[in-house]
Amino acid sequence: MTAQLKSWFDGRSRREKWLILAMLALLGLTIVWGVIRPLDEALSSARRRNADAAVRLAQTREQVAAVRAIRRALPEVVAEPIDAIVRQSASSAGFSLDSVAADGAKLRVHINSARGGALLAWLGDLEARGVLVEQASVTDAGNHNVAADITFRMMAP
């Protein structure tokens with residue numbers, strides 16, 4: 001086959017030989033820049049996207065594990081009425097509830113005077129027990145104390 005190709009090429013005129021060589025050189029450049037380079041760039045881009053996807057997958061798995069850990073740490077829903085939980089907890093924390101009004105599944109509480117830090121610690125303790133603060137309004141009551149209007153609800157099961 002090579003001998004036939006060589007004899008065919010040798011049978012061409014000098015001008016035809018130069019044109020054939022120029023054509024082959026241009027064909028080679030076209031293959032390199034028109035086919036090989038775009039394929040190489042596409043492969044590099046795919047590798048980059050794959051690496052980014054692997055990082056996102058690892059982050060997502062980490063976030064899912066964190067959410068599962070939080071769900072396991074959530075308190076169990078208590079069968080006790082919300083007003084009993086809040087009253088008992090307030091009494092244990094040393095707060096006097098100036099008004100308590102049940103509103104369906106919610107409980108509205110008013111405290112005339114409490115230390116701000118102690119109030120927030122008490123709210124955190126209630127949340128750990130499954131009683132959530134739905135709304136709170138805390139104002140200055142003077143003498144380094146605060147007054148609070150708080151609406152509680154039970155954590156959904």
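**Figure 1. Phenylalanine 152 in the predicted model.** Phenylalanine 152 has a relative accessible area of 0% and is therefore buried. The model shown here and in the other views is predicted. Phenylalanine 152 is one of the residues that touch the most other members of the largest nonpolar core. The ring of phenylalanine 152 pairs with that of tryptophan 122 in an edge-to-face arrangement, with 5.8 Å from centre to centre and 80 degrees between the planes. This pair links distant parts of the chain, since phenylalanine 152 belongs to strand β4 (residues 145-154) and tryptophan 122 to helix α4, 30 residues apart.

**Figure 2. The aromatic cluster of Phe95, Trp122 and Phe152.** These three residues form one aromatic cluster, and the structure holds two aromatic pairs. In the pair of phenylalanine 95 and tryptophan 122, the ring centres are 5.3 Å apart and the planes stand at 50 degrees, so the pair is tilted. Phenylalanine 95 sits in the loop between α3 and β1 (99-103), whereas tryptophan 122 is in helix α4 (residues 116-128); the two are 27 residues apart, and their pair links distant parts of the chain. Phenylalanine 95 and tryptophan 122 are both buried. For tryptophan 122 the relative accessible area is 2%.

**Figure 3. Serine 89 and its contacts.** Serine 89 is part of helix α3, which covers residues 82-93. Its relative accessibility is 3%, and serine 89 therefore counts as buried, the cut-off being under 20%. With neighbours within four places in sequence left aside, serine 89 is in contact with Trp122, Asp125, Leu126 and Arg129. Among these, Trp122 also belongs to the aromatic cluster with Phe95 and Phe152.

**Figure 4. The largest nonpolar core.** This core has 18 residues, of which Val86, Leu119, Trp122, Val131, Ile150 and Phe152 touch the most other members. Two or more residues of the core come from each of α3, β2, α4 and β4. In soluble globular proteins, nonpolar side chains tend to be buried together.

**Figure 5. The surroundings of isoleucine 150.** Which residues does isoleucine 150 touch, not counting those up to four places away in sequence? They are Leu107, Arg108, Val109, Leu119, Trp122, Leu123, Val133, Gln135 and Ala136. Two of them, Leu119 and Trp122, are listed with Ile150 among the core residues that touch the most other members. Another, arginine 108, takes part in a salt bridge with aspartate 103.

**Figure 6. The salt bridge between arginine 108 and aspartate 103.** The structure holds six salt bridges. In the one between arginine 108 and aspartate 103, the closest N and O atoms are 2.7 Å apart. Arginine 108 is partly exposed, with a relative accessible area of 40%. Aspartate 103 also counts as partly exposed, at 37% relative accessibility.

**Figure 7. The salt-bridge network of Lys106, Glu134 and Arg153.** Salt bridges link these three residues in a network. Lysine 106 bridges to glutamate 134, with 2.8 Å between the closest N and O atoms. Lysine 106 lies in strand β2 (residues 106-114) and glutamate 134 in strand β3 (residues 131-142), so this pair ties together parts that are 28 residues apart in sequence. Glutamate 134 also forms a salt bridge with arginine 153, where the closest N and O atoms are 3.3 Å apart. Arginine 153 is in strand β4, so its pairing with glutamate 134 in strand β3 ties together parts 19 residues apart in sequence.

**Figure 8. The chain as a whole, for orientation.** The chain has four helices and four strands, in the order α-α-α-β-β-α-β-β from the N terminus on. Its radius of gyration is 39 Å, well over the 15 Å given by the globule rule for 157 residues, so the chain is more spread out than a compact globule. Along the principal axes, the C-alpha atoms fill a box of roughly 115 × 35 × 25 Å. Of the 157 residues, 17% count as buried. Among contacts between residues at least 6 apart in sequence, 55% join residues at least 24 apart. The chain exposes about 11600 Å², of which carbon and sulfur atoms supply 58%.

Technical notes. Residues are numbered from 1 along each chain as its sequence is written. This is a predicted model: local features need pLDDT of at least 70, side-chain atom pairs count only at pLDDT 80 or more; totals for chains, interfaces and linings use all residues. Side-chain values use heavy atoms; hydrogens and water are left out. Buried means under 20% relative accessible area, exposed over 50%, partly exposed in between (1.4 Å probe, protein chains only). Contact means heavy atoms within 4.5 Å. Rings of Phe, Tyr and Trp (its six-membered ring) pair if their centres lie within 6.5 Å; planes under 30 degrees apart count as stacked, over 60 as edge-to-face and the rest as tilted. A salt bridge is a side-chain nitrogen of Lys or Arg within 4 Å of a carboxyl oxygen of Asp or Glu. A nonpolar core is a set of buried Ala, Val, Leu, Ile, Met, Phe, Trp, Tyr and Cys residues joined through side-chain atoms within 4.5 Å. The radius of gyration is taken over C-alpha atoms; the globule rule is 2.2 Å times the number of residues to the power 0.38. Accessible areas come from the Shrake-Rupley method with a 1.4 Å probe; for residues, only the protein chains shown count as cover.
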